[in-house]
Amino acid sequence: MKQLDKFYVNGRWVAPAACTFADVINPATETVSGRIALGTPEDVDLAVLAARRAFASWSESSVSERLDLLGAILAEYTKRTEDLADAVTEEMGAPRSFAGHLHVGLGTWHLQAAIEILKHFQFEEQRGATLLRREPIGVCGLITPWNWPINQVAVKVFPALATGCTMVLKPAQLAPYSAQILAEILDAAGTPAGVFNLVQGKGSVIGTALSRHPDVDMISFTGSAEVGVQIQKDAAETIKRVGLELGGKSAWIVLDDADLAANVGKATGAMMSNSGQTCSAGSRLLIPADRVDEAVGVARSVAEQVAVGNPAGNVAMGPVVSGGQFDVIQRYIAKGVDEGATLVAGGLGRPDGLDSGYFVKPTVFLGDNSMTIAREEIFGPVLTMIPYKDLDEAVAIANDSNFGLSGYVTGADASEATAIAKRIRTGAVHVNGGFDIMAPFGGYKRSGNGREWGDFGFHEFLETKAIVGAAAAS
Ligand code: TAP
């Protein structure tokens, strides 16, 4: 039983201001795996004060000092990868091998990317008579969700460190373990006191206190649109920058060619990974109307073969994160049936043989884009297949969404797929499974306003200063 009863503030593990605790539930067993202390606004004040004091020197640190620190963090992170993977499996239920390779792997890759970018990043640039300087924005409040707990923390903490910012991290209550280990890693790497601070607790308390805090210069938030709206309201009074990475309802367009069956299979499998709890998941699968039967047959067969079970074992899909999330997903599945969508695979209830744990059946519907299951983010292993008559209609359906996070186009002709990708109004489109750790990640429309990953992630944490008429560097 884990006991997280200290916060990391000003380079030390300190007792919280008040002694209130919350249980952490293992979603595979529904049993209590540990307890975390719940912070108060007083804890936030101390952490922000530490970050403010540390900003004076860290913002002036040299690139080589920051590279030394990031290198030391990479060494410590590498030592703790097994612990991190165990933590992710325990806190949010990702299969252990998947947690190790992808959840923890993404943290390594983002850290390596930050190091490479920092080596060459132009913090100063002479443009005519003006010296442009990119300066750290200041003290940052980082608020993260539970679904990719290390990745979401990594894409904020590493660029913030690299650009000379100081920070207070508030991870999701449901997934506190991996963030706590990350704080231990930063401590072991010798992060200067106050540069990184961690306060655990409720979003409505810690998140609100950070968003409203007069001495926090920026909030970087990943999570739901509803909370994103609230944070913007809370931050408005102090005019702080608010970076938002929100939800999605991304379309995956399968082109009408010889690769159709293989691509429907890939899209269905991808939807079920991480139990469908991925903001950029291709949760609307757009298929040619005259090949519906073939596509439905492939999707059914793939969904029915997904091995669901104890994430410690050799499974493709573990549980969803919590009882609350399980109930939300069940309601969406019921709504899909009520609204007349055809159930292709899965459905209500747990998979056969699983009587406890928050396990959901890999579920596929055939429906249309007006249905709730096509319009709202379910955040579970539920795929909605939608037929299209021609490519103009496919693009129109893809763009007919309040969200604009991601998109996918797969087909034999990469040029044709790329031309379609250009017409989709989202922050990213993946052609034939393309993946790039340096590519910017973020959304159009209600999917947010920022761009993380790669050098775009650095710009999130920088202010631009113009020194007009600056003396040329000697
Ligand atoms: P949320 O409920 O929005 O929670 C995200 C974080 O915000 C948590 O740490 C939460 O704390 C905190 N929070 C809650 N209320 C707050 C408030 N009033 N002020 C400040 N912070 C507050 O999201 P979730 O359920 O954890 O994650 C799922 C959502 O995140 C989905 O919509 C998903 O699409 C989105 N997401 C987006 C992306 C990108 S990059 N676009 C990536 C991953 C996830 P508690 O832990 O106490 O609730």
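1. The structure is a predicted model. The remarks that follow should be read with that in mind.

2. Helix 6. This helix covers residues 177-188, twelve in number. From the first C-alpha to the last it reaches 17 Å, close to the 16 Å expected at 1.5 Å a residue. How many of its twelve residues are buried? Nine are, and helix 6 is therefore mostly covered, buried meaning under 20% relative accessible area. The buried residues are Tyr177, Ser178, Ala179, Gln180, Ile181, Leu182, Ala183, Ile185 and Leu186. Just after helix 6 comes Gly190, with a positive phi of about 85°.

3. Salt bridges in general. Side chains of opposite charge can pair when their charged atoms come close. With a side-chain nitrogen of Lys or Arg within 4 Å of a carboxyl oxygen of Asp or Glu as the criterion, the model has 23 salt bridges. Some of them are taken up in the next points.

4. Arg52 and Asp217. These two side chains form a salt bridge, 2.6 Å from N to O. Arg52 belongs to helix 1 (residues 41-58), while Asp217 sits in the loop between helix 7 (203-212) and strand 11 (218-222), so the pair ties together parts that are 165 residues apart in sequence. Arg52 is partly exposed, at 24% relative accessible area. Asp217 is partly exposed as well, at 26%.

5. Arg96 and Glu82. The closest N and O atoms of this salt bridge are 2.7 Å apart. Arg96 is in helix 4 (residues 96-120) and Glu82 in helix 3 (residues 81-92); the pair links distant parts of the chain, 14 residues apart. Why does Glu82 count as exposed? Its relative accessible area is 51%, and exposed means over 50%.

6. Gly100, also in helix 4. Helix 4 contains Gly100, which counts as partly exposed at 26% relative accessibility.

7. Other salt bridges. Glu294 pairs with Arg291, and here the closest N and O atoms are 2.9 Å apart. Glu294 is partly exposed, with a relative accessible area of 37%. A network of salt bridges links Glu124, Arg133, Glu135 and Lys465.

8. Negative surface patch. Which residues form the negative surface patch? They are Asp338, Glu339, Asp368 and Glu376. Glu339 is placed in the loop between helix 11 (323-338) and strand 15 (342-345). Its relative accessible area is 33%, so Glu339 is partly exposed. That value passes the requirement for a patch residue, because patches are made of residues with over 30% relative accessible area and no salt bridge.

9. Nonpolar surface patch. Met1, Ile25 and Val32 make a nonpolar surface patch of about 280 Å². Met1 lies in the segment before strand 1 (2-4) and counts as exposed, at 71% relative accessibility.

10. Asn274 has a phi near 55°, a positive value in a residue other than glycine. Asn274 is located in the loop between helix 9 (260-272) and strand 14 (284-288). Is Asn274 buried or exposed? Asn274 is buried, with a relative accessible area of 3%. Asn432, likewise not a glycine, has a positive phi of about 50°. The loop that holds Asn432 runs between strand 20 (430-431) and strand 21 (444-445). Asn432 is partly exposed, at 36% relative accessible area.

11. Ala22 and Lys240. Ala22 is part of strand 4 (residues 21-26). With a relative accessible area of 15%, Ala22 is buried. What separation do the C-alpha atoms of Ala22 and Lys240 have? They are separated by 30 Å, and the two residues are 218 residues apart along the chain.

Definitions and conventions:
Residues are numbered from 1 along each chain as its sequence is written. This is a predicted model: local features need pLDDT of at least 70, side-chain atom pairs count only at pLDDT 80 or more; totals for chains, interfaces and linings use all residues. Side-chain values use heavy atoms; hydrogens and water are left out. Patches are made of residues with over 30% relative accessible area and no salt bridge: like charges are joined within 9 Å, nonpolar side chains (Val, Leu, Ile, Met, Phe, Trp, Tyr) within 5 Å. Accessible areas come from the Shrake-Rupley method with a 1.4 Å probe; for residues, only the protein chains shown count as cover. Lys and Arg count as positive and Asp and Glu as negative; His and the chain ends are not counted. The place of a charge is taken as NZ of Lys, CZ of Arg, CG of Asp or CD of Glu. Helices (H or I, at least four residues) and strands (E, at least two) are DSSP runs, numbered from the N terminus. Buried means under 20% relative accessible area, exposed over 50%, partly exposed in between (1.4 Å probe, protein chains only). The expected span of a helix is 1.5 Å times one less than its number of residues.
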